[in-house]
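Subject: Structure handover

Hello,

Here is the structure you are taking over. My notes come after it.

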Amino acid sequence: MPAAIEIRNLTKQYPVPLKREAVNAVDNLSLTVGEGEIFGFLGANGAGKTTTIKILLGLIYPTQGEASVLGKPAGDIEVKHRVAYLPESPYFYEHMTASEVVTFYAQLFGMKREEAKRKADELVDFVGLGGKSDRNKRISEFSKGMRQRVGIAQSLINDPQLLFYDEPTSGLDAIARRDIRDLMLELKRQGKAMFLSSHQLEDVEAVCHRVSIIHKGKLRAIGSVDELLQGERVEIRIGNVSPDLAAKLKTTAPSAIVVEGRTTFTEANEPDAVFAIMEMVRGSGGRIDAIVPKRRTLEDLFVEIVGERIVIGDGGTAFTASESFPTVASTSRGDGLSSSAVSSDVPHSEAFNTTEATIVEAEPGEDAAAANGAATATKTRRPGANKYKELNGK
Amino acid sequence: MRFNPSQRGSLLAAAAFLAICVVVLQARIDPLRRQPAIEPPKLGKVGGSLGNAGASLPFEYTLGALSGFRQVIAGLLWVRSDTFFHSGNYDAILPCIRLITWLDPNWLDPYATGAWHMMYNFTDTDQRSDRRYLPAGLALLKEGIDNNSGQYDMYKEMGWNNYDKIKNFSEAAKYYKLGMENDKDFDITQIEHALAHSYEKSGQTELAIATWEDAVKRHKAIVDDPKATPDAKARNQQGYENSRRNLFITRVRQYHRKTQTQPPVDVQFSAQVVRVRPKVLEISGQWNLIGSKAYDPTDANKPNEFGKGMLSVGPVDGARVDVRLQDAGYQMPAPTEFNFDVDSDLTIMQDALSTRGGKTVKAGGIYVWRKQEGGSLTPDQNKAQIYAFDPKDGANPGIPLAKALAGGAALSPAGQQQLATAAKVSFAELRGDSAKIADLTKQGYSVATSDRSILGKFKREIDMSKDPKMYGFKSDKYELILSINPASAPDFVQDRIGLMGEGWTDKRFLDTKTLPGVRLIRQKIDLSRTDLLGTERKVLYGSPAVVSTAK
Amino acid sequence: MNVALVIARNTISEALRRKVLNAFLMVGVAVIVLTFAFGQFQARQDLTIVKGMGLGIISLAGILITIILSINLIPNEIERRTIYTILSKPVRRYEFLIGKYLGALGTLLLNILAMSVFFVIAFAIKQALAGPENPINPLSLFKATLMIYMQLLLLSSLAIFLSVFTTPLVNFFLSFSLFIVGNLSSFTQDLAKNGANPIVKGFFLAVHYIVPNFGNFQYVNPLVNPEVQVKSEFLFLSQNVIYALVYAAVLMILAILAFDRREV
């Protein structure tokens with residue numbers, strides 16, 4: 001059985017105006033997506049996700065390497081009968097109704113007008129836009145979530161084997177996001193393969209069989225969700241924190257969150273680090289309230305791999321530059337599902353559970369001081385200035 | 001999926017082949033476009049003739065002109081120039097006309113109207129045309145002809161302006177003829193009739209007659225054409241009748257003038273030019289203007305009967321003395337490129353002075369003696385060639401009719417004829433009707449006891465001080481020309497003096513050199529700038545009056 | 001090719017809703033109405049002005065509609081990313097491009113036809129009222145509007161070709177400039193013939209034959225001035241139609257080749 005997608009050493013360079021060297025939007029990328037697999041393709045904005053999808057659809061052409069979709073070269077007209085694409089924030093002809101738009105796309109598959117119309121109505125119902133009030137609305141009156149539903153409807157016209165969904169939930173409110181996620185789960189149940197590009201990590205975690213992380217055009221990690229997220233860590237809740245203890249904690253574990261000077265949460269996944277913190281608390285008159293084991297999130301992984309904090313606001317994400325990256329070992333398995341793991345020579349020390357931009361961050365000066373302290377993962381993880389820009393709400 | 005190299009190659013080859021087809025097609029279209037109807041010849045020439053208008057040419061006009069909206073811009077300009085005309089802003093019209101005829105060289109009205117403005121509408125305060133514009137007007141018409149050589153319209157305009165304004169009848173004939181030759185659908189009345197008149201006025205009577213004959217035939221053919229529209233038939237019926245009448249009148253005149261213009265009349269021309277104030281001249285003079293008083297025309301239905309021609313001859317009103325003051329030696333340049341910038345240093349003034357008041361009576365003849373304020377002569381008196389003398393003309397040449405018939409003076413046979421014609425009864429009957437005699441006497445009827453003649457007079461004060469723009473007087477030397485052209489005299493004058501003046505003479509002022517073949521009465525007077533600008537009243541020229549032939 | 005027709009139909013329905021284009025159409029019709037308000041001239045002059053202005057306005061409105069429509073057809077699709085969904089369907093790029101072009105032609109046809117029919121009817125009424133000596137058949141005005149349409153057909157293909165690799169703003173000026181240069185062909189031909197030196201001659205010869213000769217389609221003059229007559233009218237009209245179609249084909253092939261390489 002051929003793979004749904006096969007990418008070999010794919011590189012896409014964009015020339016930079018007035019400069020001699022080009023930027024690699026996709027850099028020597030190789031991966032395989034099996035049939036019926038929901039494949040999460042994670043990366044920050046500009047990581048190369050959309051570029052990869054466009055190459056796979058033949059909208060742009062690779063500089064080097066090969067890509068095949070459903071066994072044919074990318075962009076093959078025959079393949080397009082069996083795939084579908086939902087671009088990020090899709091845009092449709094504003095003057096049409098949902099049904100008209102989908103009818104138009106259906107006709108592009110060579111359907112007769114009547115047949116196309118029937119199919120369109122069916123799909124519009126399926127995505128939940130068949131209600132009386134929505135039926136006669138023009139796209140220009142649609143909310144973002146409704147447009148996304150139209151996008152999904154148009155992607156299902158040809159009952160595709162393989163779907164390319166690019167950021168299907170970005171910029172949506174919580175309810176719309178859940179609905180779209182439910183739709184994707186429905187498609188998953190139907191056994192469709194999906195190439196899901198997103199930075200909405202929860203969605204990916206919920207929907208995908210397998211996940212890959214791409215950064216600056218390079219593949220950083222790939223594997224099943226479970227594989228990638230395995231590993232233990234604990235959260236230590238501390239009470240009765242004196243200012244002195246707070247300072248110490250901050251130096252040792254910059255991720256420590258000090259709330260109102262009394263309770264501190266901090267995390268560690270190395271037994272030695274946990275003990276070190278416990279010792280520190282005890283020595284400073286603090287109180288251990290609880291030690292809670294925690295599963296890693298995809299965000300944790302993401303931050304580890306990409307090496308930067310991620311701040312998610314209204315669709316804005318920012319990273320700081322980082323020079324050292326973990327290496328990725330990837331092995332392919334016969335069943336089409338590949339298993340890989342992040343090489344564990346680079347430990348991770350900090351993570352955050354919140355998507356709110358309320359993370360405490362050390363100043364570079366303090367950071368440097370921390371580098372002289374205990375040999376924690378933090379030190380090696382953040383060489384030099386590790387400052388993030390917060391684009392929250394901008 | 002991109003095209004593979006061989007597909008690209010095929011497409012490129014197809015494009016190249018089609019591109020060659022495009023070049024071939026263009027080469028075939030080019031000559032078709034070179035038709036006056038599509039791209040008039042002057043269109044390509046954005047000459048320097050734009051004058052000052054070029055400098056202030058609004059950008060949108062240029063763009064419009066260049067991008068294929070010529071007719072739109074021309075139309076807009078035409079509407080605009082029409083408002084200029086209605087507001088009296090004539091100066092603004094010419095740049096518009098210049099642009100319009102350049103933008104849409106096939107649009108005929110702007111040429112005709114533009115030329116009309118230049119030939120007629122630029123005047124001084126006394127309605128004398130600014131003749132400095134005449135060459136420009138003719139040049140504009142010439143351009144119209146160049147751009148529309150296949151249609152009669154512009155030839156017609158050129159012909160008419162030469163005929164009516166310039167009075168160059170042979171030039172007029174030339175253009176009317178070209179109009180006929182170049183446009184087989186010429187308007188017979190507008191072109192061929194005018195051509196016949198032009199031939200006649202230029203002394204080419206035979207050609208005039210042949211032209212009338214041709215016009216008669218053409219009209220008749222259309223009237224008889226079953227396919228002609230009722231409208232065309234009606235128009236040509238009218239044209240047919242007119243041309244037939246004109247044909248016979250011309251033949252009658254040709255027949256009679258040979259004899260009836262002889263012997264030549266001595267017109268005894270004299271004139272005086274007085275400077276009244278600076279730039280104000282009073283021009284006066286007198287001459288013996290003789291014309292036909294009664295004429296027996298032909299019956300058009302009897303082509304070979306020419307009637308008797310002139311029945312009576314005598315002094316008439318109706319010929320004008322042309323006065324022209326201009327820079328010494330000025331000659332109107334031949335029309336070249338249309339340029340409406342006239343030479344503002346140039347001074348030309350032309351006017352025409354009407355001649356009035358010529359009278360005559362022979363001893364034994366009848367005249368009316370009365371003060372001129374009340375009433376005028378009746379047609380019968382005119383027909384009988386009875387002139388009215390007034391006390392201010394000088395001494396009474398005779399005695400009242402009743403007194404004469406009572407034995408005071410004898411009536412000559414001509415006098416008896418005059419009386420009978422005016423009274424509409426025979427002389428014998430009248431003698432027996434004392435009441436009628438008393439009535440006629442009361443009207444002033446008198447019998448001359450001696451010959452008496454009074455020459456026709458002309459006089460006008462020409463004020464050039466009110467139009468300094470038109471009359472700049474920048475030159476040092478001027479010439480004032482007084483002239484009478486027999487060719488432009490009315491028909492009833494020509495009946496006696498002939499088309500080319502063969503029926504008149506003048507001991508001092510006959511000029512046969514200025515216009516070959518034409519016997520002009522002409523006097524050129526040299527004047528200096530000081531003569532014209534001096535303040536004192538001064539007689540600048542005076543030719544003594546010819547001593548009256550009256551005894 | 002059915003796909004191209006689907007895209008064409010969609011393009012038309014979208015274009016007919018574009019306010020900018022409809023505004024030009026409305027202004028065109030309004031100005032034609034205004035033209036008929038000129039009444040102070042003699043019948044012949046009046047009709048001359050009405051004809052010249054009317055056809056000119058149809059042409060001007062047509063040019064603006066063509067350029068604004070054509071320069072945006074492809075870039076709009078890319079900018080709005082609608083092209084992604086379309087090209088990810090089984091639509092070949094050339095089908096997309098041809099569909100867009102056919103859509104532009106359909107839109108222009110509807111616009112020009114609307115203005116022409118309106119103008120011809122209005123003119124027929126005006127002529128009937130004025131009762132000139134030599135009335136023309138109002139339907140003959142369609143000859144000029146056919147030429148205007150062929151000119152726009154060519155202009156549209158030029159603008160679409162340029163739109164494959166220029167931004168709309170650049171394309172606007174480029175298309176307009178080429179339109180003007182192409183209208184000056186009688187000058188370029190003269191310059192090619194009477195140029196000062198071989199280089200100048202060669203340059204203008206190339207301009208004359210390579211730049212689309214928009215001046216070819218000037219057929220307003222013989223209609224505005226009915227006194228002047230065109231010899232071989234059929235040849236003139238038919239050759240211009242062929243010229244427009246062939247040249248448009250060349251431009252569309254080049255556009256297809258360029259668009260095939262373009263990354264969207």
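The notes below cover the contact between two chains and then one residue.

This is a predicted model, in which local features need pLDDT of at least 70, side-chain atom pairs count only at pLDDT 80 or more, and totals for chains, interfaces and linings use all residues. Residues are numbered from 1 along each chain as its sequence is written, chains are lettered from A and ligands numbered from 1 in the order in which they are written, and side-chain values use heavy atoms, with hydrogens and water left out.

Chains B and C

The contact (heavy atoms within 4.5 Å) involves 53 residues of chain B and 58 of chain C. About 5000 Å² is buried between the two chains, 62% of it from carbon and sulfur atoms; buried area is the accessible area (1.4 Å probe) lost on putting two parts together, summed over both. C:Tyr209, C:Gln239 and C:Leu257 supply 12% of what chain C buries against chain B, more than any other three residues.

The rule finds one salt bridge across this interface (side-chain nitrogen of Lys or Arg within 4 Å of a carboxyl oxygen of Asp or Glu). B:Arg8 forms a salt bridge with C:Asp260, with 3.5 Å between the closest N and O atoms.

B:Glu192

B:Glu192 counts as buried because its relative accessibility is 1%, the cut-off being under 20% relative accessible area (1.4 Å probe, protein chains only). Residues touched by B:Glu192, leaving out those up to four places away in sequence, include B:Met180, B:Phe186 and B:Arg218.

Regards

Note on methods
Buried < 20%, exposed > 50% of the residue type's maximum accessible area, 1.4 Å probe, protein only.
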